[in-house]
Amino acid sequence: MRPERTKLLYLAPALAWIFAMILFPLFYTIGISFFDYTLGGETEFNYGLNYLTAVQDYRLWNGLKVSGVFTVVVVSIEFLLGLGLALLLSGRVRGRRTLRLIMLIPLFACPIAVGYLYLMIFHQRGPVNAFLGLLGFVEMPNWLGDPSLTLFTVGFVDIWGWTSFMFLILLAAIESLPVELYEAAQIDGASGWLKFRKLTFPMLLPTILIALTLRITDAFKIFDIFVGLTKGGPGISTEVYSMYVYRVTLEYFKFGYSGALSVIFLLIMMVAINVLFLFRRLRKW
Amino acid sequence: MVGTMDRLGTFVKYAVVILVALWVLFPLYWVFMTSFKYPIEVYEPSMIPWLQFHPILTNWFGGSYGEVATGGILQQARGAVSVEVLSALLNSLGAATISSFMVLLLGIPCAYGLARFTYHKWKNKDIHFFILSLRFLPPFALIIPFFLMLQFGGLIDTLPGLVVLYTTFNLPLGVVLLRDMFADLPPELEESAMLDGDTRFSALIRVALPLVAPSLVAAFLICFAFAWNELMFALTVTYMHARTMPVIIAQIETAQAIQFWIDAVWVILALLPPMVVALVAQKYIVRGLTLGAVKG
């Protein structure tokens, strides 16, 4: 056998699996998005009618809005908290190793279980409200029943879980920065803020960009903790995009329409990722 | 003056460390304590066992709560660890373990090829990027074809069905992680083994694999944890026999009045295995979560 062919044999099993189990299904979804395809109904090509329906569907816009607002708010807070903590705790702080270990825990915590866990924490008679009672509050907030609070509550839970992610990544990056540059800046008498602005931040930017890209794309397709905490309610005030598509598929059985919703989401994701990487190209890293 | 500022800075740092640790650990501690409380106590803000409440194991394994707690009526309570839940735990364990092995089996040759050979028609970088980009796919875009494919194969609500889906779900991550591990390994050892008569493949098996063994374990564990935690696919393709632990939790009916003392046990059972994984594979986790982009 020619060596070129042998080399391909190494890739073959995994790539074949990916083609059969990811690309083929993906094209199937794109395909059915052009059909009127529901459980029990006739399957007919409908010339993109699903897409026309989609842009007029207030629940789609609601889902985009909920997912979008959620993503922007939680990722910003996670980023700022994570960066702040990493900057504060880089270098020699006692207990830092233990803290790193503790911060790993939420990263692998089963998200649906975390959702239920916080159902207990934010329950009307749970520990959060008990604490507020100690502080002298009388009117307890209904964290998961009040439409103006629920998204905030779920956001809090996400921040609990994923600030760790930002912290650990940025801490690892900060600790791998070259010490010599800082020593030089020290000799030149640069202030802490100047060192951050001129040295730390620019050198961290590639890592920050990766961390943000991963977090943004993950938060935008979030599903699990909303299932645990709100099931989209009250009403549809916390129905994230993933949950809406899930319902269209497995509760309303509109498969063609679900396909169109998936394709729209994929397009948005592609634009978002390209925008994020545009920054990278502009700065020529 | 400088001394005071330094001491203040140190104090602030320690205060932050302690606060953050408490903030992460408190919810977990709370759910643990809830699982050891009498049902009537779950809304009490008590959290120190023996001092503030009497811890019991009845919520876990069933039995009687005793006369005091039930107002004189002795009732046999069903524990949270029922046959149903044990079978869900076994399903989770089986699906996560077998699928992670499958990922290694399929992923190792591919990762090795990408790390060691140069491909021409499709460049290594492009293949790598293509595999990376699969991570951004939202799972809901695949649930209809996945359901139909499993139905076609008679695999709905079966463990093999879950294994197929989780292998798919983790394979891109597995390949990317393993590729980095092989790329970090100096090629000379395999080359000298090949001079001694090994083929490329036997050099991979005999020389390279043992050297990356710790990384392999880490990749396996990371895949295991992701499969264990997965919800949407499991919710789509299982309904009775192959339900996983996350599905059990997602299907807790709020209608039958939430039984926090029972739910707490289930939550702990779902949380524990991946947490153990996180602690065992700690060195590799940042790498795993950033697809190798950041080496923590």
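1. Chain B is divided into domain 1 (2–77) and domain 2 (83–289); such bounds come from an automatic or database domain assignment. The C-alpha centres of these two domains of chain B lie 34 Å apart.

2. This is a predicted model: local features need pLDDT of at least 70, side-chain atom pairs count only at pLDDT 80 or more, and totals for chains, interfaces and linings use all residues. Residues are numbered from 1 along each chain as its sequence is written, while chains are lettered from A and ligands numbered from 1 in the order in which they are written.

3. Between the domains of chain B, the contact takes nine residues from domain 1 and seven residues from domain 2 (contact: C-beta atoms, placed from the backbone, within 7 Å). On the domain 1 side, α1 (2–35) and α2 (58–61) of chain B each supply at least two residues, and the largest share, four residues, comes from α1(B). Helices are DSSP runs of H or I with at least four residues, numbered from the N terminus.

4. That side of domain 1 of chain B divides into five nonpolar, three polar and one charged residue. Ala, Val, Leu, Ile, Met, Phe, Trp, Tyr, Cys and Pro count as nonpolar, Asp, Glu, Lys and Arg as charged, and the others, Gly among them, as polar.

5. Between chains, 64 residues of chain B are in contact with 68 residues of chain A. The chain B side comprises 52 nonpolar, nine polar and three charged residues.

6. In chain A, A:G235 lies in the loop between α10 (224–229) and α11 (241–250). A:G235 and A:G145 are 90 residues apart in sequence and 9.9 Å apart in space, C-alpha to C-alpha.

Definitions and conventions. Two residues are in contact if their C-beta atoms, placed from the backbone, lie within 7 Å.
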